[in-house]
Amino acid sequence: MAALTSITPNPASSSSVYSNFRTSPLTLSSQITADCSCLLSVRSGLASKQRLASRNRRCLIIRSAATKPAKSPAEEDWKVKRELLLEKRVRSVDAKEAFRLQKENNFVILDVRPEAEFKEAHPAGAVNIQIYRLIKEWTAWDIARRAAFAFFGIFSGTEENPEFMQSVESNFGKDAKIIVACTTGGTMKPSQNLPEGQQSRSLIAAYLLVLNGYKNVFHLEGGLYTWFKEGLPSESEE
C-alpha cells in the first residue's frame, strides 16, 4: 500500500452537511490526479436532495508518497538522444565490422543486457554492465511499478540501473574504444515507418556515454541477435 503523506479536506464543505450524512446513503468515488494524488468524494445518495448536491459533498485529497522521481537522462526524449548521437558522430557498425574492430583495433564490446542474458551467451571478451536491472527497492513508487508490470503479466519488471555510469567509469577511461551492444540494437537511420529511427538499450547507453564525455563510442547495428546469427565468437558463463 502506498504511504500517505497528507489528507486535506475540501474547504468548500460546511458543517451543515454532517447531519445529512448521518441519515443518507453515501456514495464514494475516487479519482487519480496528474500528480499521483487520490481525490475521494463522498456524496449523499438521496435523489430528493439533489438540490443540495453542491453542498452535500466532502472531498479528501490524499497525497501519496508513490510519486515518480524526476526524469533521468536515460528517460530523455528519443529525438533529443538521437540528435546528440548524430552530433557526436556515434557510428553504427554491423556484427562483422564490430568483430574486426574488436580484434584489430582494441575495441571493447560493452554488453548492456541484463546479467542473466549475458551469462547465457555473449561475444567473447565482452564486458557486461546492465543499463536496466530488476526492480530492487520497495518504496511506494517501486511497489506501484511492480503492480503495473504484474497487470500485464510481467513479474520481473526492470528499472534503470542507477550505478550504470559509475560502473562504466570504473572500467573504462574517457578515451576507451567502446562498441555498445544489446539484443536488437535499434537504429539511428530514418525509414518510411520510422522517420527518426528506433531507440534501444544500446543507443540509450551510447547516449549516456557521450553525454558523460566518452569520445570513441560505436553502436552495434542489428544487435547481438545478428552477432550470434553470423556465428561470431561467443561464450557462456553457465
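**One loop and its surroundings**

Modeller: Take the contacts in the protein with a separation of 6 or more; residues 24 or more positions apart account for 67% of them. Keep in mind that this is a predicted model. The protein has 238 residues, and 35% of them count as buried. The secondary structure comes to eight helices and 13 strands.

Now to the loop. Find strand 6, residues 108–111, and helix 4, residues 115–120; Arg-113 sits in the loop between them. Is Arg-113 buried or exposed? Its relative accessibility is 6%, and the cut-off for buried is under 20%, so Arg-113 counts as buried.

What does the side chain of Arg-113 reach? It comes to 2.6 Å from the backbone oxygen of Ala-121. Next, look at what surrounds this arginine. Leave out residues up to four places away in sequence, and Arg-113 still touches Phe-118, Ala-121, His-122, Asn-128 and Gln-130, among others. Its list of contacts also runs to Ala-181, Cys-182, Thr-183, Arg-201, Leu-224 and Phe-228.

Move along to Pro-114. This proline also lies in the loop between strand 6 and helix 4. Setting aside neighbours within four places in sequence, Pro-114 contacts Gln-130, Tyr-132 and Arg-201. Gln-130 and Arg-201 are also among the residues that Arg-113 touches. Check Tyr-132 in the view: from Pro-114 it is 18 residues away in sequence, yet the C-alpha atoms are 6.6 Å apart.

Glu-115 forms a salt bridge with Lys-119, with the closest N and O atoms 3.3 Å apart. Why are these two about one helical turn apart? Because they are four residues apart in helix 4. Glu-115 is partly exposed, at 39% relative accessibility. Lys-119 is partly exposed as well, with a relative accessible area of 31%.

The whole structure holds nine of them. Arg-91, Glu-97, Arg-100 and Glu-104 are linked in a network. Start with Arg-100. Its side chain meets that of Glu-97 at 2.9 Å, N to O. Arg-100 also meets Glu-104, at 3.2 Å. Both partners lie with Arg-100 in helix 3: Glu-97 is three residues away, about one turn, and Glu-104 is four residues away, also about one turn. Arg-100 is partly exposed, with a relative accessible area of 33%. Glu-104 is at 54% relative accessibility, and exposed means over 50%, so Glu-104 counts as exposed.

Stay with helix 3 and turn to the rings. The structure has two aromatic pairs. In one, the ring centres of Phe-99 and Trp-227 are 6.0 Å apart and the planes meet at 80°, so this pair is edge-to-face. The pair joins distant parts of the chain: Phe-99 is in helix 3, residues 95–104, Trp-227 is in helix 8, residues 223–229, and 128 residues separate them. Phe-99 is partly exposed, at 23% relative accessibility. Trp-227 is buried, with a relative accessible area of 0%.

The other pair is Phe-107 with Phe-218; it is tilted, with 4.9 Å between the centres and 55° between the planes. Again, distant parts of the chain are linked: Phe-107 is in the loop between helix 3 and strand 6, Phe-218 is in strand 12, residues 216–220, and they are 111 residues apart. Phe-107 is buried, at 9% relative accessible area. Phe-218 is also buried, at 14%.

One last stop: helix 2, residues 78–87. Trp-78, Lys-81, Arg-82, Leu-84 and Leu-85 are buried there. Viewed down the helix axis, the buried residues fall within an arc of 165°, so they line one face of helix 2. What do they pack against? Helix 7, residues 201–211. After helix 2 comes Arg-89, with a positive phi near 60°.

Conventions. Residues are numbered from 1 along each chain as its sequence is written. This is a predicted model: local features need pLDDT of at least 70, side-chain atom pairs count only at pLDDT 80 or more; totals for chains, interfaces and linings use all residues. Side-chain values use heavy atoms; hydrogens and water are left out. Buried means under 20% relative accessible area, exposed over 50%, partly exposed in between (1.4 Å probe, protein chains only). A polar contact is a pair of N or O atoms within 3.5 Å; within protein, one must be able to donate a hydrogen and the other to accept it, and residues adjacent in sequence count only if both atoms are side-chain atoms. Contact means heavy atoms within 4.5 Å. Rings of Phe, Tyr and Trp (its six-membered ring) pair if their centres lie within 6.5 Å; planes under 30 degrees apart count as stacked, over 60 as edge-to-face and the rest as tilted. The arc is that of the directions from the helix axis to the C-beta atoms. A salt bridge is a side-chain nitrogen of Lys or Arg within 4 Å of a carboxyl oxygen of Asp or Glu.
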